[in-house]
Amino acid sequence: VWSINGLTLILNLFILPTAYIVLRKGFKPARFFLLAFTILILSVFGFVLRNFGTLPSNFLTDYGLQIGSTFEVILITFAIIDRFRQFKEDALRRAEELGEFQRKANIELEKKVDERTSELREQKDIVERKNTEIVDSIQYAKRLQEAILPSDKRMKDFFQNHFLLYIPKDIVAGDFYWAEEMDEWKFFAAADCTGHGVPGAMVSVVCHNALNRSVKEFNLTNPAEILDNVRRLVIETFAK
């Protein structure tokens, strides 16, 4: 009995410093544990010292252990309640932190989306501007190409009863028609140059110029000779 009582005193003394250390580390419920075990230890001391005969037998020493245990249970209950309250506060704080993180993430995402949208809009504007420039240039090339084609008046002078169907695949075309007059001769040609669009149009200009030179500069009137000379001039132009 003496050994048991002595060990009880020694073991209970380890509870107080442990609770104090935990309290110093910021664990708030430890204050309830510290108070609860302080009361319990005092009651145990009273009970043990009574057993040793150091303290007289009375109500407090006889029932101190039960009284101390009762207060311990009550205070530990408060500690558990406080712990649950802390759990709730921690959960609310983490929920708020998560909400704040989500809000910042949404703001950052919206910012990146706005930046990307702005970049795409700028690229779209550049593409549209370049496309407009290209189309404008091709439209101007169309007017230049139409300038080398025989006018309606000239065609009527050549052929009183005629119709003309000219439908280029693109805005400008490699197909063209040509009409010229020299002395009593009237010349007409419908030509199909290699390619479509701008490349075909450039070839048509070269070929048109070769036809004009063959008739006006070389004074050729035989269709076969005109075509042979046009072939030679075109080859010379592109020989480089």
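A disulfide here is a pair of cysteine sulfur atoms within 2.5 Å. By that rule the count in this structure is 0 disulfides. C193 is in no disulfide, and the nearest cysteine sulfur, that of C207, is 4.4 Å away. Buried means under 20% relative accessible area, exposed means over 50%, and partly exposed is in between, with a 1.4 Å probe and protein chains only.

Before going on, some ground rules. This is a predicted model, in which local features need pLDDT of at least 70 and side-chain atom pairs count only at pLDDT 80 or more, while totals for chains, interfaces and linings use all residues. Residues are numbered from 1 along each chain as its sequence is written, and side-chain values use heavy atoms, with hydrogens and water left out.

Now the hairpin. Helices (H or I, at least four residues) and strands (E, at least two) are DSSP runs, numbered from the N terminus. Strands β1 and β2 run antiparallel and are joined by 8 bridges; two strands pair if DSSP finds at least two bridges between them. Across the pair, F176 stands opposite A191 in β2, and A179 stands opposite F188 in β2. β1 is mostly covered, with 6 of its 8 residues buried. As background, side chains in a regular strand alternate between the two faces of the sheet.

The turn comes next. D183 sits in the loop between β1 (175-182) and β2 (185-192). The hairpin has 2 residues between the strands, and D183 takes a positive phi near 55° there, although D183 is not a glycine. D183 is exposed, with a relative accessible area of 65%. There is a second case: N219, also a residue other than glycine, has a positive phi near 55°. N219 is found in the loop between α6 (197-217) and α7 (223-238).

On to the aromatics. Rings of Phe, Tyr and Trp (its six-membered ring) pair if their centres lie within 6.5 Å; planes under 30 degrees apart count as stacked, over 60 as edge-to-face and the rest as tilted. The count comes to 4 aromatic pairs. In one of them, the rings of Y166 and Y177 have their centres 5.4 Å apart and their planes at 80°, so the pair is edge-to-face. Y166 lies in the loop between α5 (152-158) and β1, and Y177 lies in strand β1, so the pair ties together parts that are 11 residues apart in sequence. Y166 is partly exposed, with a relative accessible area of 27%, whereas Y177 is buried at 10%.

Ring pairs also link F158, F159 and F188 into a cluster. What lies over the face of F158? That is K186, at 5.6 Å from the ring centre. The rule for a charge over a ring is that NZ of Lys or CZ of Arg is within 6 Å of the ring centre and within 35 degrees of the ring normal.

Is H208 buried or exposed? H208 is buried, with a relative accessible area of 10%. The side chain of H208 reaches the backbone oxygen of I148 at 2.8 Å. That is a polar contact, meaning a pair of N or O atoms within 3.5 Å; within protein, one must be able to donate a hydrogen and the other to accept it, and residues adjacent in sequence count only if both atoms are side-chain atoms. Not counting residues up to four places away in sequence, H208 touches I148, F176 and W178, where contact means heavy atoms within 4.5 Å.

V198 is in helix α6 as well. V198 is partly exposed, with a relative accessible area of 38%. Leaving aside neighbours within four places in sequence, V198 is in contact with I138 and V172. The C-alpha atoms of V198 and D170 are separated by 8.6 Å, and these residues are 28 apart along the chain.
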